[in-house]
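Here is a walk through one model, going from its sheets to its core and its ligand. Keep the viewer open while you read.

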Amino acid sequence: MQLANEVRNQSIAPQPSLPQKSTSTLLPTTAHEIDRETIEDGTSQSAEYLTLAARATNDAVRDWDVKSGKLRWPQGLESLLGYATSLSTCEIDFWQHHVHPEDRPRIATSIREALSGADHWSGEYRFRRADGAYAQLLERATIVRNGGAQAIRFVGSLMDITARKQLQDQLCHSQKMEAFGQLASGVAHDFNNFLTTILGYSDLLLCEPAVKGQIAAHLGEIRNAADRASALTAQLLAFSRKHPMDARVLEVNTLLARLDRSLLPLLGENISVDCDLQSAKGGVFIKVDPGQITQIILNLVVNARDAMPTGGCLTLATGNLHIAAGASPNGSSLELAPGDYVSIRVTDNGSGMTDEVKVRLFEPFFTTKHDAQRSGLGLATSYGILRQSGGDIRVQSELGKGTTVTIYIPKVPAPPPPSYKRPAAKKAPTGTETVLVLEDDIGVRHISVRVLRGLGYDVIEAANSDDAQRLITQTADRKIHLLLTDIVMPHMSGRDFAEWLRKTSPRTKVVFISGYLDESSQGSTPGRSGMFFLPKPFDPGQLALKVREALDFVAR
Ligand SMILES: Nc1ncnc2c1ncn2[C@@H]1O[C@H](COP(=O)(O)OP(=O)(O)OP(=O)(O)O)[C@@H](O)[C@H]1O
Ligand SMILES: [Mg+2]
């Protein structure tokens, strides 16, 4: 309302400073000289021209009656801005409320000045479309005055220049980052030479026998400072895409799952975390330096945390982006070559950013935080690392609502499986004998039982010797052909249990399983008196073979 009133009051008020025009200058030769009545009584031809011209340019047209505050949209309200045509006759407040709040004061001042004396006005501002997104508009308006030179109508044509503005911004951004990058890498390079010298001589001196006590302590401080400075120059090099990378192929969800443990303690209790990780069969792979990608994600999370000092919600999500050859990525400012990308998105519902911060946030050393530990290099180095890896980063933020930072990294094919040779696919030997599996480790016991049952064996299982003894006594009529037992178990060892069993059932074969080599060397010579050994880890094929071998063994 404020702008409308301000503008209305100003324009309606007589302008004493303006020279009064004579009637002869009111000839309808230029737009501003056309009297209101002349337009209203105008032929349908001129109305048609207006419509055609507007259609040809795909612009919207707004016609503001400055005196009454009525606003008409003869063209483009729906096609350009998405609003229903029922709104095409409304009040000037409608326009004002949809101008971006940050652009409103600037535009109000500028229009006010134009109404007080100019024939034309033009300006760029953001306007909220029906879908909630802001379009960047260039408005060019003509101001119609009455005989008293008072502005009575303001007729503007509004052109959507969002894409052009994005391109311009992108170009400026790239040029700015390029210049910063060159500066940063030059500084880092020279400083690294100095630091190498400082570090080298500090170490040499520290090795001198004469250097001790207070002097050694002072030297140690110099050395530590040089170390910290080296970390800083490494970050500057990362920003300028000159940092050597140790790129490896990593699976995205595995990487994030591992990070999970480091992230949670960073966030504190008043921030809840929501994860939305897309999973794909066989995983999704990227080629990055593991240390650097960790640093990027941690910085995004810490930034999100800092933006929510009184708590909030952080979302970590992954997604995919395909950029077809010749396409502009998502119609956005992303600088990505055609191909497939993984996106990792960190969203917070914190403070958001002002326009000034948005423009500067990738500048090295730009920070709004008053903490001595903050260098303002987090996003700058992330940017450098991602660009060096063929990726990009995009920030969307709304003041007071929150921020989403998305990083894009090129996908790479899955790495070849680790080079271990599978045993030749031989058919595992089967059997129908009864096997007692005695193993306290639930995982090993379950897999052994499962494999042996699958092979046809009749399997009894027990987690300890006491249970096993009870089972055997209860089912005395059931002959146990083979005992598969761990050697080390609480209470009674597998070896002792085997002795006990073989007292009543001397023909029962025994296969000891163990992860310790030294245990296998004790006692049983393979095969002798029906005792066998199977080292952990074993695979199902090895188990099947060993069990069959033991069962088939005939004592001489
Ligand atoms: N999620 C966010 N919400 C609000 N502002 C943010 C967010 N992320 C970054 N910023 C703004 O961008 C600035 C730069 O961020 P950047 O990570 O580069 O540096 P920093 O966090 O200030 O310091 P450093 O990362 O070196 O510890 C921040 O100081 C902050 O003003
Ligand atoms: Mg940071």
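Two strands count as paired if DSSP finds at least two bridges between them. Helices (H or I, at least four residues) and strands (E, at least two) are DSSP runs numbered from the N terminus. With that settled, strand β17 (residues 509–514) and β18 run parallel and are joined by five bridges. Within this pair, Val-511 sits opposite Phe-532 of β18.

A quick word on ground rules. This is a predicted model, where local features need pLDDT of at least 70, side-chain atom pairs count only at pLDDT 80 or more, and totals for chains, interfaces and linings use all residues. Residues are numbered from 1 along each chain as its sequence is written, while chains are lettered from A and ligands numbered from 1 in the order in which they are written.

**The overall picture**

The protein has 16 helices and 18 strands. Of its 556 residues, 27% are buried; buried here takes 20 or more other C-beta atoms within 10 Å of a residue's own, exposed takes 12 or fewer, partly exposed is in between, and the C-beta atoms are placed from the backbone. Call two residues in contact if their C-beta atoms, placed from the backbone, lie within 7 Å. Among contacts between residues at least 6 apart in sequence, 65% join residues at least 24 apart.

**Two open sheets**

The β17–β18 pair belongs to an open, parallel sheet of five strands, ordered β15-β14-β16-β17-β18. β15 (458–462) and β18 (531–535) are at the edges with a single partner strand each, so one side of each has no neighbour in the sheet. From one strand to the next, the twist averages 20°. For angles, axes are lines fitted to C-alpha atoms (for helices, over the stretch in contact), and values run from 0 to 180 degrees between N-to-C directions. Helix α13 (residues 465–474) lies across β14 (434–438) and β15, at about 135° to β15.

The other open sheet has six strands in the order β3-β2-β1-β6-β5-β4, with antiparallel pairing. Its edges are β3 (89–91) and β4 (120–128), each with a single partner strand, so one side of each is left without a neighbour in the sheet. Direction ignored, neighbouring strands of this sheet are turned by 30° against each other on average. Helix α5 (residues 104–115) lies across β4, β5 and β6 (151–160), running at about 155° to β4.

Here are some strand pairs, each with a bridge partner to click on:

| Strand pair | Sense | Bridges | Example partners |
|---|---|---|---|
| β4 and β5 (134–145) | antiparallel | nine | Arg-126 and Gln-136 |
| β8 (271–276) and β10 | parallel | six | Ile-271 and Gly-312 |

**Core and α11**

A nonpolar core is a set of buried Ala, Val, Leu, Ile, Met, Phe, Trp, Tyr and Cys residues joined through C-beta atoms within 7 Å. The largest one has 42 residues, and Tyr-383 and Ile-409 have the most contacts inside it. Elements that each supply at least two of its residues include α6 (162–207), α7 (213–239), β10 (312–323) and β11 (339–348). The biggest giver is α9, with six residues.

How enclosed is α11? Nine of its 11 residues are buried, so α11 is largely enclosed by the rest of the structure. Among those buried are Gly-378, Leu-379 and Tyr-383. The cover over them includes α6, α7, α9, β12 (392–398) and β13. After α11 comes Gly-390, with a positive phi near 85°.

**Around ligand 1**

A residue is near a molecule if its C-beta atom, placed from the backbone, lies within 6 Å of it. Of the 22 residues around ligand 1, Asn-303, Ala-307, Thr-367, Gly-378 and Leu-379 come nearest. α9 (290–306) and α11 (378–388) each supply at least two residues of this shell.

Ala-149, in the loop between β5 and β6, has a positive phi near 65° without being a glycine. Ala-149 counts as partly exposed because it has 17 C-beta neighbours inside 10 Å. Phe-365, in the loop between α10 (355–360) and α11, is not a glycine either, yet its phi is positive at about 70°. With 13 C-beta neighbours inside 10 Å, Phe-365 counts as partly exposed.
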